[in-house]
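Work through the exercises below with the model open. Each task is followed by a solution in steps.

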Amino acid sequence: MGAEISLAGKNAVVTGGAGGMGRTTSLLLAEAGANVLVADMDAEAAARTAAEIQERYGVRTAHCKCNVTVKADVDAMVAKAMEVFGRIDILNNIAGASTKVDFLEMPEEIYNMMMDVNAKGTFLVDQAVLRVMIPNRTGKIVNMSSMSGKEGYPTNIAYTAAKFAVTGMTQAIAKYAAPYNINVNCVCPGIVRTRIWEKLLDDVTQAGGDADAYWEERISGIPLKRPQTELDVARMFLYLSSSFADNMTGQGINVTGGLILH
């Protein structure tokens, strides 16, 4: 009854794995013993992260450029993981996009981009990985949703729609995969000051607003009185990727400091 999470001998794929929460998660999985394929739109950053993992933890690594909205890219990513590792035990599907645009000013192109990256990306990646997991009759899939996948926010309506789609797909795919002993869950972070958040704050400044005041207003309602960190989120991805979560599926786990309670 070991109390420490171990992923020794497991093979993991992390989309969006080269920066922010994805990079932190890639490193944490490797620290727990997993071999990791780092997939990202930024091929150079993916290579750097893979090299860092190899140097720090000595596990097997691979990397590739992957646009999760393009089926050919997703299929190539899965093929590379199978070529290098022979099987995929864990998928952490972290690639995503966000922006802050007033609802009445939002162009159709922004809505389409939010749905493509967050919702379509989840569909394409989960589908491709599930195909190679099913013959093994075991596996862990963890998607990236958001607190915006639990509650609507008027400042980010397209993102909210996309993340509700991720939460719903996670539930449906979990039921589909359950007969094959494959767990499918998602993580719903709260307010994490990633590159996406920095871009949102830049947008506030560009619009003539006070970015610092906006940030403080957003975190003021968190019961634990602090924003979430990349490590907070990565630890939940690690847990859901491990045998500790063998009897959990179809869940959207909040990492919000109590801001979201359902």
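A crossing is left-handed if the near helix is turned anticlockwise from the far one by less than a right angle, and right-handed if clockwise. Helices (H or I, at least four residues) and strands (E, at least two) are DSSP runs, numbered from the N terminus. The model is predicted: local features need pLDDT of at least 70 and side-chain atom pairs pLDDT 80 or more, while totals for chains, interfaces and linings use all residues. Residues are numbered from 1 along each chain as its sequence is written, and side-chain values use heavy atoms, with hydrogens and water left out.

**Exercise 1.** Describe how helix 1 and helix 8 pack, giving angle, axis distance and handedness.

Solution. 
- Step 1. Two packed helices are described by the angle between their axes and the distance between the axes. Axes are lines fitted to C-alpha atoms, for helices over the stretch in contact, and angles run from 0 to 180 degrees between N-to-C directions.
- Step 2. For helix 1 (residues 20-31) and helix 8 (residues 230-240) the angle is about 50 degrees, and the axes lie 8 Å apart.
- Step 3. Helix 1 is therefore oblique to helix 8. The classes are roughly parallel under 35 degrees, roughly antiparallel over 145, roughly perpendicular from 65 to 115, and oblique for the rest.
- Step 4. The crossing of helix 1 past helix 8 is right-handed.
- Step 5. Contact means heavy atoms within 4.5 Å. Helix 1 contributes Gly20, Met21, Thr24, Thr25, Leu28 and Leu29, and helix 8 contributes Glu230, Leu231, Val233, Ala234, Arg235, Phe237 and Leu238.
- Step 6. By class, this contact of helix 1 with helix 8 holds 8 nonpolar, 3 polar and 2 charged residues. Nonpolar covers Ala, Val, Leu, Ile, Met, Phe, Trp, Tyr, Cys and Pro; charged covers Asp, Glu, Lys and Arg; the others, Gly among them, are polar.

**Exercise 2.** Characterise the packing of helix 4 and helix 5, then the second largest pocket, to whose lining each of them supplies at least two residues.

Solution. 
- Step 1. Helix 4 and helix 5 pack at about 15 degrees, with axes 8 Å apart, which makes helix 4 roughly parallel to helix 5.
- Step 2. The crossing of helix 4 past helix 5 is right-handed.
- Step 3. Residues in this contact include Tyr111, Met114 and Phe123 of helix 4 and Ala158, Tyr159 and Met169 of helix 5. The contact of helix 4 with helix 5 has 16 nonpolar, 2 polar and 2 charged residues.
- Step 4. On a 1 Å grid over the protein atoms alone, a pocket is an open set of points with protein on both sides within 12 Å along at least five of seven lines, and lining residues have an atom within 4 Å of a point. Grid points are joined across faces, edges and corners, and a volume is the space filled by probe spheres set on the points.
- Step 5. The second largest pocket holds about 170 Å³. Its lining is Phe123, Asp126, Gln127, Leu130, Arg131, Ile134, Met169, Ala172, Ile173 and Tyr176.
- Step 6. Helix 4 gives the most to this lining, 5 residues.

**Exercise 3.** How much space lies in the largest pocket?

Solution. 
- Step 1. The largest pocket has about 900 Å³ of space.
- Step 2. Its lining has 42 residues, and Gly96, Ala97, Ser98, Thr194 and Ile196 are the closest to its centre.
- Step 3. Helix 6 supplies the largest share of this lining, 5 residues.
- Step 4. The lining of the largest pocket divides into 20 nonpolar, 16 polar and 6 charged residues.

Note on methods:
1 Å grid on protein atoms, 1.4 Å probe; cavity = no way out; pocket = protein on both sides within 12 Å on 5 of 7 lines; lining within 4 Å.
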